[in-house]
Amino acid sequence: MKKIGFITIGQSPRDDIMKDILPIIGDDIEILQKGALDNLSEEELEEIAPQSGDTVLVSSLRDGRSVSMAEEKIIVHLQRCIDELEVCGVSGIMFLCTGDFKDLLTAHVPLIYPNRLLRAIIPAICDRKRLVVLVPEEEQKSEAMAQWGGIGMETSVFPISPYTTSGENFAALALTLKDIDCDCILMDCMGYSAEMKYILCSRSGKNVLLPRTFSAAVLKELI
């Protein structure tokens, strides 16, 4: 049976994400999960907190807490996860994060970055180059504007946390987005769920791209 590794930037396991991925990739593969923050102490978690100028990423801990971190400070932990999964014999690894990581990670097996898949597909499906992006935190708005504006998208960004926000809040946001003229809504975090996507689609009438299911569909083609 083929083994596939999944790495979260938070703590594993991320069964909340895998519940939307497993129906797509099927049950004929062995799943191994690792987390960049697995086994880190509270003091170590404080050390990876983002400072001014850092690239902000957001994930969750096993106890359900949402945690923000600097992308630059977790590279060493992500590399550890890759190394451990390779020892376990995985034939490929997918990140449960839409961060870019700037070619700082190495592996002997294919690494699937949802961010890079999204950067390839978004220009292809947004004919008018009008994109709405959802991010978990207010601090991520400028990064999202720079990233998607950098590939020619006319971008509007709305912060809404997948970890602390209710379905009612997503429904309210959907009504706001209904009046925005865009080609697509990108839920730019692996924490957003299929249920959240359904709320946005049904209430806004817009096309919505969910990274966890989109990336899983690409992975399915490769295994």
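**Briefing: sheet, helix packing and cysteines**

Four strands make up an open sheet, ordered E8-E7-E9-E10, with parallel pairing. Strand E8 (154–159) and strand E10 (208–209) are the edge strands, each pairing on one side only. The model is predicted: local features need pLDDT of at least 70, side-chain atom pairs count only at pLDDT 80 or more, and totals for chains, interfaces and linings use all residues. Residues are numbered from 1 along each chain as its sequence is written, and side-chain values use heavy atoms, with hydrogens and water left out.

**Sheet**

- Helices (H or I, at least four residues) and strands (E, at least two) are DSSP runs numbered from the N terminus, and two strands pair if DSSP finds at least two bridges between them.
- Strand E7 (residues 130–135) pairs with strand E9 (residues 184–187) in the parallel sense over four bridges.
- Leucine 134 has methionine 187 in E9 as its bridge partner.
- Helix H5 (residues 141–149) lies across E7, E8 and E9 and runs at about 155° to E8; axes are lines fitted to C-alpha atoms, for helices over the stretch in contact, and angles run from 0 to 180 degrees between N-to-C directions.

**Packing of H1 and H8**

- The axes of helix H1 (residues 15–25) and helix H8 (residues 211–222) come within 9 Å, crossing at roughly 35°.
- This crossing of H1 and H8 is right-handed, the term for a near helix turned clockwise from the far one by less than a right angle.
- On the H1 side, Asp16, Ile17, Asp20, Ile21, Ile24 and Ile25 meet Arg212, Thr213, Ala216, Ala217, Leu219 and Lys220 of H8, where contact means heavy atoms within 4.5 Å.

**Isoleucine 25**

- Isoleucine 25 lies in helix H1 and is buried, with a relative accessible area of 0%; buried means under 20% relative accessible area (1.4 Å probe, protein chains only).
- Apart from neighbours within four places in sequence, isoleucine 25 is in contact with Phe6, Ile31, Ala216, Leu219, Lys220 and Ile223.
- Isoleucine 25 and serine 91 are 66 residues apart in sequence and 14 Å apart in space, C-alpha to C-alpha.

**Cysteines**

- With a disulfide taken as a pair of cysteine sulfur atoms within 2.5 Å, the count comes to zero disulfides.
- Cysteine 97 is in no disulfide, the nearest cysteine sulfur being that of cysteine 189, 7.1 Å away; cysteine 97 is buried, at 6% relative accessible area.
- Cysteine 184 is likewise in no disulfide, with the nearest cysteine sulfur, that of cysteine 126, 5.0 Å away; cysteine 184 is buried, at 2% relative accessible area.

How values were computed
Buried < 20%, exposed > 50% of the residue type's maximum accessible area, 1.4 Å probe, protein only.
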